[in-house]
Amino acid sequence: MADNAVINPIPGGWNIGIGTENFSNDIKLAFMKLNKANHSEFTPIAQLATQVVSGTNYVVLAEQKIYHNPIIKIYVSIVFYAKIDAKELSDIEILSITPL
């Protein structure tokens, strides 16, 4: 996580912090699920925020390549939920994908 990450988060609140490398296992699982289920390819660019609830909610900035003629590239905001100790694709729930 970057130097501007929140150190003492508010319970249940959103923690804003930009992370652009060494993505968590939860983010890797979410993008595996996204890329398996769609006719496009998603690549994480930055983790923007997290919210700890009975698991963790994430907001991630990503690039989406839509395989069409021609290939279309757009930036999207992805919000997803990961169960505590997520290990399988079924432990991840994609909540929204919003074009920016």
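Q: Which strand holds Thr 50?
A: Thr 50 lies in strand S2, residues 40-52. The model is a predicted one.

Q: Why is Thr 50 called buried?
A: Its relative accessibility is 15%. Buried means under 20%. The value falls under that cut-off, so Thr 50 counts as buried.

Q: What makes a residue a contact of Thr 50, and which residues are in contact with Thr 50?
A: Contact means heavy atoms within 4.5 Å. Leaving aside neighbours within four places in sequence, Thr 50 is in contact with Gly 13, Trp 14, Asn 15, Thr 56, Asn 57 and Tyr 58. Tyr 58 is also the bridge partner of Thr 50 in S3.

Q: How do you know that S2 and S3 pair?
A: Pairing needs at least two bridges. Here 11 bridges join S2 to S3, so the two strands count as paired. They run antiparallel. Phe 42 stands opposite Gln 64 in S3. A hairpin joins S2 to S3 through 2 residues.

Q: What makes S1 and S2 a pair?
A: They share 4 bridges. The rule asks for at least two, so S1 and S2 pair. The sense is antiparallel. Ile 16 stands opposite Ala 49 in S2.

Q: In what order do the strands form the sheet?
A: The 5 strands form an open sheet in the order S1-S2-S3-S4-S5, with antiparallel pairing.

Q: Why are S1 and S5 said to stand at the edges?
A: Each has a single partner strand, so one side of each is left without a neighbour in the sheet. From one strand to the next, the twist averages 30 degrees.

Q: Where does helix H1 lie?
A: H1 lies across S2, S3, S4 and S5. It runs at about 140 degrees to S2.

Q: Which residues of the largest nonpolar core touch the most other members?
A: Ile 27, Phe 31, Ile 78, Phe 80 and Ile 92 do, out of 16 residues in this core. Helix H1 (25-37), strand S3 (55-66) and strand S4 (72-83) each give two or more residues. The largest share, 5 residues, comes from H1.

Q: What does Ile 92 touch?
A: Not counting residues up to four places away in sequence, Ile 92 touches Asp 26, Leu 29, Ala 30, Lys 33, Phe 80, Tyr 81, Ala 82 and Ala 86.

Q: What is the mean pLDDT of the chain?
A: The mean is 89, and 90% of residues reach 70 or more. Among the elements, S1 has the lowest mean pLDDT (89) and S4 the highest (97).

Key: Residues are numbered from 1 along each chain as its sequence is written. This is a predicted model: local features need pLDDT of at least 70, side-chain atom pairs count only at pLDDT 80 or more; totals for chains, interfaces and linings use all residues. Side-chain values use heavy atoms; hydrogens and water are left out. A nonpolar core is a set of buried Ala, Val, Leu, Ile, Met, Phe, Trp, Tyr and Cys residues joined through side-chain atoms within 4.5 Å. Buried means under 20% relative accessible area, exposed over 50%, partly exposed in between (1.4 Å probe, protein chains only). pLDDT is the predictor's confidence in each residue, from 0 to 100. Axes are lines fitted to C-alpha atoms, for helices over the stretch in contact, and angles run from 0 to 180 degrees between N-to-C directions.
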